[in-house]
Amino acid sequence: MYLHLGEETVVRMKDIIGIFDIENTSISKHTKDFLARSEKGGRVVTVSYEMPKSFIVCEEKVYISQISTATLKKRAIGQ
């Protein structure tokens, strides 16, 4: 099964480690550090240049998406 993250980006469900609300979690220093290290390591993929609402941590990449965590959850459960 696959999850559509926005635009033309889909990932395999089994590769997803977690889906996080970017506004609520980016307050934490640990999350900021994780995202900064991922960006520096070239692991961050920006799905769309619209206002980001979530980030999806996968085994090899971190996706920044304009789709809310609630919508992504509905898509994941609906499969």
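**Notes on the model**

1. Thr-9 counts as buried, at 16% relative accessibility, where buried means under 20% relative accessible area, exposed over 50%, and partly exposed in between, with a 1.4 Å probe and protein chains only. Thr-9 belongs to strand β2, helices (H or I, at least four residues) and strands (E, at least two) being DSSP runs numbered from the N terminus. Once neighbours within four places in sequence are set aside, Thr-9 is in contact with Leu-3, His-4, Val-47 and Tyr-63, contact meaning heavy atoms within 4.5 Å.

2. On the basis of these notes: the model is predicted, so that local features need pLDDT of at least 70 and side-chain atom pairs count only at pLDDT 80 or more, while totals for chains, interfaces and linings use all residues. Residues are numbered from 1 along each chain as its sequence is written, and side-chain values use heavy atoms, with hydrogens and water left out.

3. The largest nonpolar core has ten residues, namely Leu-3, Leu-5, Val-11, Ile-16, Val-47, Ile-56, Cys-58, Tyr-63, Ile-67 and Leu-72; such a core is a set of buried Ala, Val, Leu, Ile, Met, Phe, Trp, Tyr and Cys residues joined through side-chain atoms within 4.5 Å. At least two residues of this core come from each of β1 (2–6) and β5 (54–58). Apart from this core lies another, of seven residues, including Leu-35, Phe-55, Val-62 and Ile-64.

4. Ile-56, a member of the largest core, is in contact with Leu-5, Ile-16, Gly-18, Ile-19, Lys-61, Val-62, Tyr-63, Ser-65 and Leu-72, again leaving aside neighbours within four places in sequence.

5. Glu-7 deserves a separate remark, as this residue has a positive phi of about 50° although it is not a glycine. Glu-7 is placed in the loop between β1 and β2 (9–12), and is partly exposed, with a relative accessible area of 49%.

6. How many salt bridges are there? The count comes to two, a salt bridge being a side-chain nitrogen of Lys or Arg within 4 Å of a carboxyl oxygen of Asp or Glu. One joins the side chains of Asp-15 and Arg-12 (3.0 Å, N to O); Asp-15 is buried, with a relative accessible area of 18%, whereas Arg-12 is partly exposed at 36% relative accessibility.

7. Asp-33 forms a salt bridge with Lys-29, with the closest N and O atoms 2.8 Å apart. Both residues lie in helix α2 (residues 29–40), four residues apart, about one turn of the helix. Asp-33 is partly exposed at 30% relative accessibility, while Lys-29 is exposed, with a relative accessible area of 58%.
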